[in-house]
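Biologist: Hi! Could you walk me through the aromatic contacts in this one?
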Amino acid sequence: MGAEEPVVEREGEVREENGKREEEEEEEEEGGVKDVEKKEEGLEEHVVESRNPEDFQVSMMQRLNPSNPLRIVMNSGTRVATPSPPQFSHPFPQPSQFSQPFPRPSQFSQPFPQPSPQPSQFSQPSSQPRSTPTPQPSITTLNSRAYTNKISLFLFLLHMIAAVGLVGFLLFKGVQGLIQASDSVKRKEKNVLRFFLPQVEAASFLSITLAFIWQKAVRVWPKFMVPFILWSSFVMSLSAGILLICFQKPPTDGVGVCFIAFAIGNGLYACWVTQRIGFCTKVLVKSLEPISKFRDLNQPIYWMLGIGFMWMSLWILAVLGALNFYFPPLIIILLVLSLAWTAEVMRNVANITVSRVISLYYLRGMQSNTQFCFQRALTKNFGSACLGSIFVPSIEALRVVARALNLLEGEDEFMFSCAHCCLRVMVSIFRYGNGWAYVQIAAYGKDFVRASQDTWGLFEGQEMEAIVDSDMTSSICFLTGVCSGCICVIMAAAWTAKVHQSFTATISLLVFFIGYLMTRISMALPHACVSCYYVCYAENPENRLFDKTIKDRLDLIKTRRDVVAPTPRVPRRFSTT
C-alpha cells in the first residue's frame, strides 16, 4: 500500500500538468484568432509595411501549435490555384497588390499561397482555373514575304515579253530592209541611219549626263536649285519653241507652238508658287540629310539609268525598223506607250528602294542594306510599282486639268458645275491611288490601293492635307525632266536642220521624250526622300529626327497667318483669302 501511494500522486500531478497545457493551448488558439482578426481590421485602413506579405503569413503559421485545429485545417486543405507564370514580372506579389483584407479563419477553404513557389508548381492539373490573356495589338511586319498586286505584275511581264518580241522583230525587219529590200527602200533606210540615228543617240547620251547633273545639283544646292528649275524650265521650253518656229515648216511650227504654250503655263505657275518656295526648300534640305548616312543609296539609280539607256538604244532601232513595216504610225505609238510604262516602272522601282531605306531609318532608326531593299523592290513590291506606274500619272494629270478648269470663272453654270463634279471625283479617286503610297509599299509591303488609303488616312489624322496637297516636289521633278527634254530638243533640232530638215519635228519629239524619261528616273532619289519625310512624320510626329518645320506650317495654316495662292495644285477649300 505504501508503495502505491507515490504512484497515484505522480499520476495526479501528470494529469494536472496536462490540464494546464491544454488550457494554455486553448488560450494560444484564441490569441492567434484574435491576432488574425486584428490584422484583418488593420488592413482595411493601411497597407502592410512588410515588403513580402508571405513572410508574414508564414510567421503566423509557425506560431500556431501543431495540434491546433486551425493549423490542421490549413495543412489538409486544397491548394490555391496559382496564376500562370507569364503574367508576373516578379516572383512574389508587391504590397500594393493587396487591395482585399485577409479572410477570417472560418472562411479558409483554401490555404495561403506557399512562401516560395517552385517552377514545378505552376504546372498543375488542367482543373485549375486560368485567366484569359489580354489581346495584344497587331504589329505590321516590316518583312512581308507576300507579292503585291500580282495581276499587274503578270500583265507587265506579259507586256515585256511582247515588247521584247516586237523590238526583236522590228530590228530584224530593219536589217532585212538594208540587205534584201529594193533600192528605194535601201536608200530610205540609209538616209534614216545617216540623218536620224546619230542625233537620237547623241540625245540619249546627253539625257543621261543631264540626269546625273540635275540630281547632284539638287542634292548639293537644294535652296538654289528649286527656283532655278522653275525658271530654267520656262526659259528652255520657250527657247525650244521659238527655235522650232524659226524653221518655218508646218510640222515644226506645230511642235513649237506646243512648247511655247507650255512655257507660258510654266511661267504662270512659277509666279503663283513663289510664296511656297521657302517652305519647299526647307523640307527638301531636311529630307536630304539622311542620304549622307547611306553611301550606296544611288546604286539603284545607276542600275536603272544603265538599263534604261540600253533599252532605249534598242528601242530607237526598233522605231527605225517600224518604218519598213505595216502601219508605221500605229507601231510607233505602241512603242512609245511601252517605253513610257517601262521607264515609269524603273523610276518607281528606284523610288521604292530609296523609300524603304529612308523610311526604316525614320521609323525604326535602322540602317538598311540598299542591295537588299533593291532586291525586294524588284521582287516582292514589283507588282505595286507596275500598277502605280499606270494610275498615278493618269490620275495626277486628270486632277491638274480638273483643278485648272475649276479655277476658271464664267457664266456657263453647266460647264463649271461639271468642272466641280470632275474635281470631286478626282479627289475621291486620289484616295485610292497616289504617289505617296510608295512609302508604305516599301516599308510594310502593302498593295498599292491599301497603301494609298492608309497613307491618306495618316495625312487626314494629322490634318496635313493642305501641306501635302500643295507640295512642290513632284512639280520640281517634273519640270526638271521637261528642262532636260528641251535641252535635248534644242541640240537635236539645230543639228537636224543642218543635215536633213524634214526629220526635225519627228526627232524633236523623240529626243524630248527620251530626255524627260531619263531625268525622271534620276530624280526619283530626292522625290522619295521628301515623300518619306511627309509620310513618316504623319505616322510619328514626335520622332526626334523631325524638326518643327511641318508643325509650324500647320499652325500658320490653322491660324490663317500663312497665305497660300490658289493654284492648280491646291483645292479651293484649302486656299485662304
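Predicted model: local features only at pLDDT ≥ 70, side-chain atom pairs only at ≥ 80, totals over all residues.

Biologist: Nice. How many aromatic pairs does a search of the whole structure find?

Modeller: The search turns up 22 aromatic pairs. Take W231 and F234: their ring centres are 6.0 Å apart and the planes stand at 90 degrees, so this pair is edge-to-face.

Biologist: Where do W231 and F234 sit relative to each other in the helix?

Modeller: Both belong to helix α7, which covers residues 222-246. They are three residues apart there, so about one helical turn separates them.

Biologist: Got another pair, say Y438 and F448? What geometry do they have?

Modeller: That one is tilted, with 6.2 Å from centre to centre and 45 degrees between the planes. Y438 is in helix α15 (residues 437-444) and F448 is in helix α16 (residues 448-461), so the pair ties together parts 10 residues apart in sequence.

Biologist: Are Y438 and F448 buried or exposed?

Modeller: Both are buried.

Biologist: Switching topic: which residues do ring pairs link into a cluster?

Modeller: The cluster consists of F294, Y361, Y362, Y533, Y537 and F546, joined through ring pairs.

Biologist: Last one, about charges. What sits over the ring of F279?

Modeller: That would be the charged end of R553, which lies 4.6 Å from the centre of the F279 ring.

Biologist: Great, thanks!

Notes: Residues numbered from 1 in each chain as written. Heavy atoms only, no water. Phe/Tyr/Trp six-rings, centres within 6.5 Å; stacked < 30°, edge-to-face > 60°. Helix = DSSP H or I, 4+ residues; strand = E, 2+ residues; numbered from the N terminus. Buried < 20%, exposed > 50% of the residue type's maximum accessible area, 1.4 Å probe, protein only. Lys NZ or Arg CZ within 6 Å of the ring centre and 35° of its normal.
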